[in-house]
Amino acid sequence: FFGQAGLLEEDLCDPYYERLQKEYLYLAHKFDLRRMEAASWRLLRTRPGNFPHVRIAQMAWLFYREHSLLSRLLEADDFDAVRRIFTAQTSEYWDTHYTFTSASPRRRKTLSRSTQDLLIINTLCPFLFAYGAYKADERLTRRALDFLERLKPEANAIIRQWQACGLTVESAADSQALIQLKREYCDAKKCLRCRFGYEYLKGKPLQTSPEKPLQTSPE
């Protein structure tokens, strides 16, 4: 994981780093692997706990622990089961590091509940919906939408803009739908083709019927 992310290119005097680097160089040569550029990662204005090194370590730990990750995600039909799967942590090395060259106070670096929610919204739900549609399994597509409807909406600049226009955002299903509208209509300047944009330009307050909430496929 670290090698493919381009994070093993430096010469560091660190036994753990050197072991990872040696193993990756062997695998890269054997399988003709092509890594990404380390410069693609941006650490500026990122909290240390969210540094790519920590997130990659958590992902590696998750893949190491969950040998049947896909099957377990498909079988998880409630939040408790999903959260148990996403209870990722790291190896002991990362208890005291943010990067290979940056130390941290000793603590277990686990996924917070809010981070788990973002994984469910932006990774699990789109996967369940797409896989369910591909397999013509309405149970999976319905579960994806149900998860979105039960989670709190995301808090980001796009959602705040919609709220400033007078729209109430009650769930992650709403926030995902509004992000989709922003990308497909607002960014493309198709305001007159959008019901919300048309009403807003007319100067009328935005209203949605509680009996007929806005629904779109999750991204």
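1. Let's start at a residue on the outside: Ala136 is exposed, with a relative accessible area of 72%. Here, exposed means over 50% relative accessible area, buried means under 20%, and partly exposed is in between, using a 1.4 Å probe and protein chains only. Ala136 sits in the loop between helix H5 (113–134) and helix H6 (138–150). Helices are DSSP runs of H or I with at least four residues, numbered from the N terminus.

2. A word on what you are looking at. This is a predicted model, where local features need pLDDT of at least 70 and side-chain atom pairs count only at pLDDT 80 or more, while totals for chains, interfaces and linings use all residues. Residues are numbered from 1 along each chain as its sequence is written, and side-chain values use heavy atoms, with hydrogens and water left out.

3. Now look at the backbone. Ala136 has a positive phi of about 55 degrees although it is not a glycine. Most residues other than glycine have a negative phi. Asp32, in the loop between helix H1 (15–31) and helix H2 (52–65), also has a positive phi, near 55 degrees.

4. Next comes H6 itself. Its 13 residues reach 18 Å from first C-alpha to last, close to the 18 Å expected at 1.5 Å a residue; that expected span is 1.5 Å times one less than the number of residues.

5. Which residues of H6 are buried? They are Leu140, Thr141, Arg143, Ala144, Leu145, Phe147 and Leu148. Among the elements covering them are helix H3 (69–75), helix H4 (79–85), H5 and helix H8 (172–186).

6. Leaving aside neighbours within four places in sequence, Thr141 is in contact (heavy atoms within 4.5 Å) with Leu128, Phe129, Gly132 and Ala133.

7. Finally, visit helix H9 (residues 195–201), where Tyr198 is found. Is Tyr198 buried or partly exposed? Tyr198 counts as partly exposed, at 40% relative accessibility.

Conventions: Helix = DSSP H or I, 4+ residues; strand = E, 2+ residues; numbered from the N terminus.
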